Amino acid sequence: QLAYIVRCFIDLEFLKVLYCSGALIGLHLIEPFLSLTTASTTTYSKRIPAFNQLYNDLNATDPAKLLDVHTPAFNFISLRRFEETKYNDDVCRAIETVGTEMA
């Protein structure tokens with residue numbers, strides 16, 4: 001029954017926008033932030049500059065950069081950490097497809 005309910009909502013365009021927005025925020029902000037704050041190798045002295053950079057990023061980053069699923073939109077994390085926390089290729093392709101459709 002759940003599958004039937006999900007299929008009923010799959011063609012609603014506004015849900016695609018919501019899912020895509022949530023996935024992009026998760027990809028660029030939530031997952032890297034969680035990785036940074038929960039990693040045992042990340043010390044307090046590494047977190048403070050990253051948090052300052054994140055604050056600056058949130059104020060200055062071009063929102064269009066969030067649509068790119070291949071590079072980090074924010075500078076508070078390294079490319080290596082972004083790659084480690086990045087969603088699998090199928091999810092990224094789906095996000096990219098919906099994101100370019102809506103842009």
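Colleague: Leaving aside its neighbours within four places in sequence, which residues is S35 in contact with?

Modeller: Contact means heavy atoms within 4.5 Å. On that basis, and with neighbours within four places in sequence left aside, S35 is in contact with R81 and T85. Before going on, note that this is a predicted model, in which local features need pLDDT of at least 70, side-chain atom pairs count only at pLDDT 80 or more, and totals for chains, interfaces and linings use all residues. Residues are numbered from 1 along each chain as its sequence is written, and side-chain values use heavy atoms, with hydrogens and water left out.

Colleague: Where does S35 lie, and is S35 buried or exposed?

Modeller: Two definitions come first. Helices (H or I, at least four residues) and strands (E, at least two) are DSSP runs, numbered from the N terminus. Buried means under 20% relative accessible area, exposed over 50%, and partly exposed in between, with a 1.4 Å probe and protein chains only. S35 lies in helix α2 and is buried, because its relative accessible area is 17%.

Colleague: How many helices and strands does the protein chain have?

Modeller: The protein chain has five helices and zero strands, so from the N terminus on the elements read α-α-α-α-α. Of its 103 residues, 29% count as buried. Among contacts between residues at least 6 apart in sequence, 59% join residues at least 24 apart.

Colleague: Which residues does R81 touch, not counting those up to four places away in sequence?

Modeller: R81 touches P32, S35, L36, A39 and T42 under that exclusion. R81 lies in helix α4, residues 79-85, and with a relative accessible area of 11% it is buried.

Colleague: What is the place of T42?

Modeller: T42 is in the loop between α2 (13-38) and α3 (44-60). T42 is buried, with a relative accessible area of 6%. Leaving aside neighbours within four places in sequence, T42 is in contact with L36, R47 and R81.

Colleague: At what angle do α2 and α3 pack?

Modeller: Two packed helices are described by the angle between their axes and the distance between the axes. Axes are lines fitted to C-alpha atoms, for helices over the stretch in contact, and angles run from 0 to 180 degrees between N-to-C directions. Here α2 and α3 pack at about 160 degrees, with their axes 11 Å apart. Angles under 35 degrees count as roughly parallel, over 145 as roughly antiparallel, 65 to 115 as roughly perpendicular and the rest as oblique. The pair α2 and α3 is therefore roughly antiparallel.

Colleague: Which residues make the contact of α2 with α3?

Modeller: From α2 they are L29, F33, L36 and T37, and from α3 they are R47, A50, F51 and L54. For classes, Ala, Val, Leu, Ile, Met, Phe, Trp, Tyr, Cys and Pro count as nonpolar, Asp, Glu, Lys and Arg as charged, and the others, Gly among them, as polar. The contact has six nonpolar, one polar and one charged residues.

Colleague: How do the axes of α2 and α5 cross?

Modeller: The axes of α2 and helix α5 (residues 89-102) come within 10 Å and cross at roughly 120 degrees. That makes α2 oblique to α5. In this contact E13, K16, V17, C20, A23 and L24 of α2 meet I95, V98, G99, E101 and M102 of α5. By class, these residues divide into seven nonpolar, one polar and three charged.

Colleague: Is V98 buried or exposed?

Modeller: V98, found in helix α5, counts as buried at 17% relative accessibility. V98 touches K16 and C20, not counting residues up to four places away in sequence. The C-alpha atoms of V98 and K16 are separated by 7.0 Å, and the two residues are 82 apart along the chain. In helix α5 there is also T100, which counts as exposed at 57% relative accessibility.

Colleague: How many disulfides does a search of the whole structure find?

Modeller: A disulfide is a covalent bond between the sulfur atoms of two cysteines. The criterion is a pair of cysteine sulfur atoms within 2.5 Å, and a search of the whole structure finds zero disulfides. C20 is buried at a relative accessible area of 9%, and C92 counts as buried at 4%.
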